[in-house]
Amino acid sequence: AVANNPVPSQALVKGNAPPPKSAPPGSASGERKCRNVEECQEQAERAAQLRAEEEAANAVPASVAPGGSRYKDMTSDGTQVGGEGPGSG
């Protein structure tokens, strides 16, 4: 019965609109890009150094077991459990 008597649609079709003009993903809005290979290499070295410093600042020292083994107590989502190791008192 529906094939012989279709119900009219109330949809508004707009078609394909062009994407909005914006900066490409991954680029900083106010930061200038490098103009030559040397500048790009310097920026990459600075970014790597900043990442290394940040990782070193956020590093958590491992606990040491009585046998000398180092370990970290971690949760299932990858975060470290608070507190000290078993020899803390």
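Modeller: Let us begin with Arg46, which counts as partly exposed because its relative accessibility is 49%, and partly exposed is the class between buried (under 20% relative accessible area) and exposed (over 50%), with a 1.4 Å probe and protein chains only. This is a predicted model, in which local features need pLDDT of at least 70 and side-chain atom pairs count only at pLDDT 80 or more, while totals for chains, interfaces and linings use all residues. Residues are numbered from 1 along each chain as its sequence is written, and side-chain values use heavy atoms, with hydrogens and water left out.

Colleague: Why does Glu42 count as partly exposed?

Modeller: Glu42 has 44% relative accessibility, and therefore counts as partly exposed.

Colleague: What makes Arg46 and Glu42 a salt bridge?

Modeller: The closest N and O atoms of Arg46 and Glu42 are 3.9 Å apart. A salt bridge requires a side-chain nitrogen of Lys or Arg within 4 Å of a carboxyl oxygen of Asp or Glu, so the pair qualifies. The structure holds one salt bridge.

Colleague: Why is the link of Cys34 and Cys40 called a disulfide?

Modeller: The sulfur atoms of Cys34 and Cys40 are 1.8 Å apart. A disulfide is a pair of cysteine sulfur atoms within 2.5 Å, so the term applies. With 65 degrees about the S-S bond, this link is right-handed.

Colleague: Why do Cys34 and Cys40 count as partly exposed?

Modeller: Cys34 counts as partly exposed because its relative accessibility is 24%; Cys40 does so because its value is 33%.
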